[in-house]
Amino acid sequence: MLRAALREVSTALKEGQVSPTELCQRCLSLIKATKCLNAYITVTEDTALRQAEESEKRYRRGQSLGDLDGIPVAVKDNFSTTGIETTCASNMLKGYIPPYNATVVQKLLDQGAVLIGKTNLDEFAMGSGSTDGIFGPVRNPWSYSKQYREKCGQNSHLENEDSSWLITGGSSGGSAAAVSSFTCFAALGSDTGGSTRNPAAHCGVVGLKPTYGLVSRHGLIPLVNSMDVPGILTRCVDDAATVLGVLAGHDPKDSTTVQDPFNPFKLPSVIDVGKLCIGIPKEYHIPGLSSETLKVWSKAADLFENAGARVIEVSLPHTCYSIVCYHVLCAAEVASNMARFDGLEYGHRSNMDKSTESMYAATRREGFNDVVRGRILSGNYFLLKQNYEKYFIKAQKVRRLIANDFVNVFSSGVDVLLTPTTLRDAVPYVEFIKEDNRTRSAQDDIFTQAANMSGLPAASIPTALSEKGLPIGLQFVGRAFQELQLLTVAKWFEKQAKFPILQLQEMLDHADALSHQKISLSS
Amino acid sequence: MWALRGCRCLRAAWSWGGSRLARGATGGRQIDQNPEWQLEEQKPLPQKKVTMELLDHLERLALVDFRNWEGVERLEKAIQFADQLHEVNTEGIEPMDSVLENRCLYLRGDNITEGNCTKELLQNASQTAEEYFEAPPGNIPLPKLEERESFLQDSN
């Protein structure tokens, strides 16, 4: 049941085959069993059970609110949730309890979804590994999968393998791990440079970044106002479309959401890609791309061509500058957005009280980690009067060039672009931390970041397993506000790819064994 | 005053190969098996001089400290990385603030729809008095570098 798609579970709930409370309980026990993944910062057990009970009452009365009623979902910990601690994995907001729900959270709750917990992330969503938060790194569930362990010839003594676990990617790693390990059916992430698609690819789940302006950012603690978008993580494309249907649409509380009416859609079950034109951007074939990912990408292109689609090579000439441009714009906007954390109205406050300035400085020294501080300082450097034109304005001009590249490609008849999502499959944590956060982000965001620059919708779809038995995802980039077309193509591809289900039984058995051990030791 | 230690940074210098599309055995069009780009070792870039004054200035503006030499190095690397932008020709290009620049931002009517939440808002503050946020005395500039708790003073 926990592996089923949203629609199936929803039907099962309506028909009474399972009750929302049972479903909730199962997810909660699974969360306990997979605690070592460190996917959750806060597990909202009481609230979730209460919401599940309410949902059960509605089902009994035959008045379910929709497809999401009674479905456990998780939310990344940079979305505000009333009465539930929202930390952004930072000391600055530890203990902060928002007095309001983010619009997207409210929309989920209005549909009867059961909020099962807040998931782990990189501090303030800055990072590409979900390794830099104060609650520790998130482990990729595939580290414990049968598929990976068989390929790597490891025995089942999980304690010995404690040092070789893999990262989830980031920064929405907790959400991706939560969905991947079946502890919830959908999760919210945020996507500024690829933060939803990157962990989706590493954890073998679907990661959708909607068009900028389609989904409300009210309540999402901002990183880069001109690029942030709430992201959706699910186990299949249909589910992503269902969740998008609930979340999208104009929000009077977020003036950057477009006022066009949004009609939730259901993806067709019979899809013909024969009339499509798929673009393969040649600049995305860079030296760091692993040969496996390249193979998977090529095979996917062939798949479309054999189905009758027109597959052509296209050019996005400014691709190589997108990371640099992002680096400058991100740092500049971060410097501005992080200025709100001064300890006065909320969050951590230092004991220094000689003056407001020194209190602010001390609070920020204590509250932020190196990554955040680094970006704030670089951002301030780029925004200095003598540098403003040279760096910030220049980056904005380069941004227009990058966005125009996409406009040109899409207006030449291309419907959807097909690219890799990441350079390679997930790496072990001990390897990942050898390079610093900025270098890693520059490497890992290379394929995903341009879609944020141009505001276009993009989705990462799990495609195949690597030689190590780990997920490789491919990315589809669509035209602005054409999520229906994007997800239709993605759904067709998902059916062809037949990505295997994560086999976690060994881990669950081990977790069971550990807990029995504890019981027998204490008795 | 001190100058930055020179640091070489590997930068991918994009050199174009010809574009070739190889036809696979099945007749399908494959992605070109050779990368378009070559990674070339870059000559060390001219040393950027980041002065103590600038670092102090940044610490004041940001109200965040560098903490240690690593922090300063991070900034140096960030600047060198960003310098790659200057290679791009942006003659005649307008800066882009937002991807939605061709649309009108939504402005709602000036009507009060919510409020009266003083209690909730004050709950999150650690020091309040009646209905005020309490702050230490203002209009006192941050102490000079020598008197501040900043690692930069050790380098003077």
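The model is predicted: local features need pLDDT of at least 70, side-chain atom pairs count only at pLDDT 80 or more, and totals for chains, interfaces and linings use all residues. Residues are numbered from 1 along each chain as its sequence is written, chains are lettered from A and ligands numbered from 1 in the order written, and side-chain values use heavy atoms, without hydrogens and water.

Me: What makes β2(A) and β3(A) a pair?
Reply: Pairing requires at least two bridges found by DSSP. β2(A), residues 72-76, and β3(A) have 5 bridges, in the parallel sense. V73(A) stands opposite L115(A) there.

Me: What is the hand of the crossover from β2(A) to β3(A)?
Reply: Right-handed, through helix α4(A), residues 103-110. The term means that, with the strands pointing away from the viewer, the path from the first strand over the helix to the second runs clockwise.

Me: Why is Q63(A) called partly exposed?
Reply: Its relative accessible area is 46%. That value falls between the 20% and 50% limits, so Q63(A) is partly exposed.

Me: What makes the link between Q63(A) and R61(A) a polar contact?
Reply: The term needs a pair of N or O atoms within 3.5 Å; within protein, one must be able to donate a hydrogen and the other to accept it, and residues adjacent in sequence count only if both atoms are side-chain atoms. The side chains of Q63(A) and R61(A) are joined at 2.9 Å.

Note on methods:
Helices (H or I, at least four residues) and strands (E, at least two) are DSSP runs, numbered from the N terminus. Buried means under 20% relative accessible area, exposed over 50%, partly exposed in between (1.4 Å probe, protein chains only).
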